[in-house]
Each structure stands twice: as C-alpha cells, then as structure tokens.
Amino acid sequence: MKKNNSFAEGPDGLVYTARLPLSSTTLNWLADLIRDHLKKIGSRWRTLSAGKIAGIMLRCDQRPGDLAGGNGVHRTTVSRWVREVVGLLAARAPRLDRALKKIARSGGGVVLLDGSLIRTRRRTGTENRKNYSGKDKCHGLLVIALTDDKGRLVWVSAVRPGRTSEITACRHDRLTAHLRAAGLGAVADLGFVGLNNGGPDEDPAVITGYKAARNRPLTRGQKLSNKALAAVRAPVEHGFAHLKNWRVLGKVRTDPRWATALVRALLVLTNREVSR
C-alpha cells in the first residue's frame with residue numbers, strides 16, 4: 001500500500017469561508033460607494049470587483065496575508081485597499097457641530113457623553129509610555145463619543161494616547177462651546193466633573209453627578225441624584241457596545257491617525273447597520 005504524504009491544502013494554501021459581521025444591504029451600499037470612488041478617480045480596472053473589495057474591508061480583522069492568499073492578490077494590495085476604503089468611510093463621519101445641530105433641529109435637548117479606552121498591544125520603549133492609561137492600568141487609545149438619548153452614536157472624537165484624560169480631550173475639541181452654540185446639554189459620568197468652564201450665571205453645558213470626598217460623604221439626596229443620572233446615561237453604554245463589537249478594534253496598533261480613521265469608518269458602518 002502506497003502512502004500519500006502530500007499536503008491536503010495544496011500549493012496555494014487552504015481557503016475557508018467566513019460570515020461577514022454586517023447585512024447584505026450594508027455590504028451593497030459599501031460596494032456602491034467604492035464603485036463611485038473608482039469612477040471618480042478614473043480607475044477602470046482592478047483585480048477584484050467592488051463587492052469583493054468591500055468584503056475584504058469588512059474582514060480587515062484578519063491578517064492581510066491571509067486575505068491576500070484567499071483572493072489571489074498581493075498582501076500590500078490588500079492593505080492599500082483597506083486603507084482606501086477606511087478613508088472613504090471616515091470622510092462620511094459626522095462633524096461635531098453638524099451632529100449637534102441635527103439633534104437640536106429634531107427637538108432633542110440633551111446628548112450623552114462618555115469616553116472609552118481602546119486597548120492596544122503593548123510595545124517597549126519610551127515612545128509607548130504615553131499610551132499607558134493609569135486609570136485602566138493598560139496600554140490603549142482614548143476616544144470620546146456622543147450619543148442621543150436613545151444611545152445612537154452621533155459623533156466620535158479623534159483618537160488620543162491613553163494617558164490623556166477625558167476632560168483634556170473634551171477641552172481640546174471645545175466640546176462645551178459647541179454644546180452651548182447648539183443649545184444642548186450633555187449628561188456624563190463622574191469622570192467629567194469640572195469640565196464646565198462657563199460663568200456662575202450660565203447654565204452648565206455638561207451635567208454630572210456628585211463625587212464623594214474622604215471627609216465629605218454623599219447625602220441621601222446626592223445619592224438619589226447620581227442614581228437618576230446613571231439611569232439616564234445608560235444608553236451611551238449600548239452605543240459604545242455596538243462600536244466595540246468590531247473585533248478589529250482589538251488589534252489596533254498605537255498609531256492615533258490610523259486609529260482615528262478606523263473608528264470613524266466603523267461609526268459610519270455601525271450607524272447604517274443599527275438604523276436599517
């Protein structure tokens with residue numbers, strides 16, 4: 001009896017199929033967006049169709065080499081396609097002033113404010129020290145987000161190093177000035193205490209709870225107020241959960257510019273998927 005010691009996958013490697021994390025409606029919309037972009041830049045031919053390029057982008061949590069081998073293209077080509085599509089989607093992310101004005105026109109009065117740390121892979125050296133968050137005790141990148149009162153994401157900030165505090169990030173984006181200009185208020189947790197920079201006669205743009213001190217415990221009324229605010233801002237956690245369902249965020253490196261484009265691209269896809 002002759003033994004067969006050949007590899008089961010053959011010379012080109014084993015190819016497997018995987019389920020995309022979005023619906024076919026969102027996939028078709030993304031494919032149309034890519035087709036319009038190719039027509040605009042005059043790219044008449046590519047190795048794969050716009051639909052397959054959209055599918056590759058939605059599976060960008062896989063290694064580029066694996067995606068390239070499964071589609072018969074080079075690894076650098078896959079990386080270039082992913083960055084191109086991410087840039088297209090990030091450009092469609094709403095700006096802060098426009099997002100707030102849209103909520104004000106629809107009759108909304110408040111937005112929900114929160115920040116979250118996107119964990120990154122730890123790297124050695126002094127260049128990575130700024131990415132260490134003393135609050136979360138891990139390396140990551142900070143992102144600030146706003147949702148409406150139902151928990152639908154309306155805006156995400158630029159991604160910043162993990163050691164940046166939430167208040168510093170909001171002040172860099174002039175968040176309170178944009179809120180007052182739109183006539184809106186924001187409900188936030190205790191991490192945003194002290195963000196208001198208005199005068200004593202102005203209404204607070206950011207509403208937070210009460211923080212206890214070592215020699216000044218909270219009263220019963222303050223505890224009830226904190227409990228009521230926690231119930232109001234609960235939907236913002238659901239909005240972040242929709243965004244963090246993307247597994248590619250668990251593989252983000254420490255490049256804030258690329259992470260900003262990726263998070264804003266995922267925001268566009270998440271909103272289309274949630275609102276369909």
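Me: Which residues are linked in a network of salt bridges?
Reply: Asp 114, Asp 189, Arg 233 and Glu 237 are. A salt bridge here is a side-chain nitrogen of Lys or Arg within 4 Å of a carboxyl oxygen of Asp or Glu. This is a predicted model, where local features need pLDDT of at least 70 and side-chain atom pairs count only at pLDDT 80 or more, while totals for chains, interfaces and linings use all residues. Residues are numbered from 1 along each chain as its sequence is written, and side-chain values use heavy atoms, with hydrogens and water left out.

Me: How far apart are the closest N and O atoms of Asp 114 and Arg 233?
Reply: They are 3.2 Å apart. Asp 114 sits in strand β1 (residues 110-119) and Arg 233 in the loop between α8 (220-232) and α9 (234-244), so the pair ties together parts 119 residues apart in sequence. Helices (H or I, at least four residues) and strands (E, at least two) are DSSP runs, numbered from the N terminus.

Me: Is Asp 114 buried or exposed?
Reply: Buried, at 5% relative accessibility. Arg 233 is buried too, at 11%. Buried means under 20% relative accessible area, exposed over 50%, and partly exposed in between (1.4 Å probe, protein chains only).

Me: And Glu 237, what does it form a salt bridge with?
Reply: With Arg 233, the closest N and O atoms being 3.3 Å apart. Glu 237 is partly exposed, at 41%.

Me: Different topic. How many salt bridges does the structure hold?
Reply: Nine. Among them is Arg 95 with Asp 97, at 3.1 Å, N to O. Arg 95 is partly exposed at 45%, and Asp 97 is partly exposed at 22%.
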